[in-house]
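Morning, everyone. Please look at the model on the screen while I talk.

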Amino acid sequence: MSVASRAWLQSLSRPEQGGVLVGRVIDLEGQPVSGASIRFLQGTTISGRDGWFRVAMPRRPQWLDVRRSGFLPRIKAVQPGQTALIRLSRDDGETVVLHA
């Protein structure tokens, strides 16, 4: 394994050397969505009662997969060091969601 590859793998296991992502999950009316599952490359976290969450992650763009029962899932690109606002749409039972 190259030195660069080894350094990259080590950076994944030490998010404290990376950045912090702070974000909030809300519905389309701007109300907080508590208990939303937020998955990213290094793990999962849950939004609090006020919709806010905070996670340590490497300092590079990441994809978040945000899900909550009663809402349509959302995938969003984020950058640590910036505040992420994730708006979830309520699941009306009629919207078709395609999965690749």
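**Two loops and a strand pair**

S69 sits in the loop between β5 (62-67) and β6 (74-78). Strands here are DSSP runs of E, at least two residues, numbered from the N terminus. A word on the source: this is a predicted model, where local features need pLDDT of at least 70, side-chain atom pairs count only at pLDDT 80 or more, and totals for chains, interfaces and linings use all residues. Residues are numbered from 1 along each chain as its sequence is written, and side-chain values use heavy atoms, with hydrogens and water left out.

Is S69 buried or exposed? S69 counts as exposed, because its relative accessibility is 63%. The cut-offs: buried is under 20% relative accessible area, exposed is over 50%, partly exposed is in between, with a 1.4 Å probe and protein chains only.

Now A36. S69 and A36 are 33 residues apart along the chain, and their C-alpha atoms are separated by 8.0 Å. A36 lies in the loop between β1 (19-27) and β2 (37-40). A36 is buried, at a relative accessible area of 0%.

What does A36 touch, beyond its neighbours within four places in sequence? V25, T45, I46, S47, V66, R67 and R68. Contact means heavy atoms within 4.5 Å. Take V66: 30 residues from A36 along the chain, with 6.6 Å between the C-alpha atoms.

Last, the strands. β1 pairs with β7 in the parallel sense, over 6 bridges. Pairing needs at least two DSSP bridges. D27 stands opposite L88 in β7. Along β7 (residues 83-88), A84, I86 and L88 point to one face and are buried.

Methods
Helices (H or I, at least four residues) and strands (E, at least two) are DSSP runs, numbered from the N terminus.
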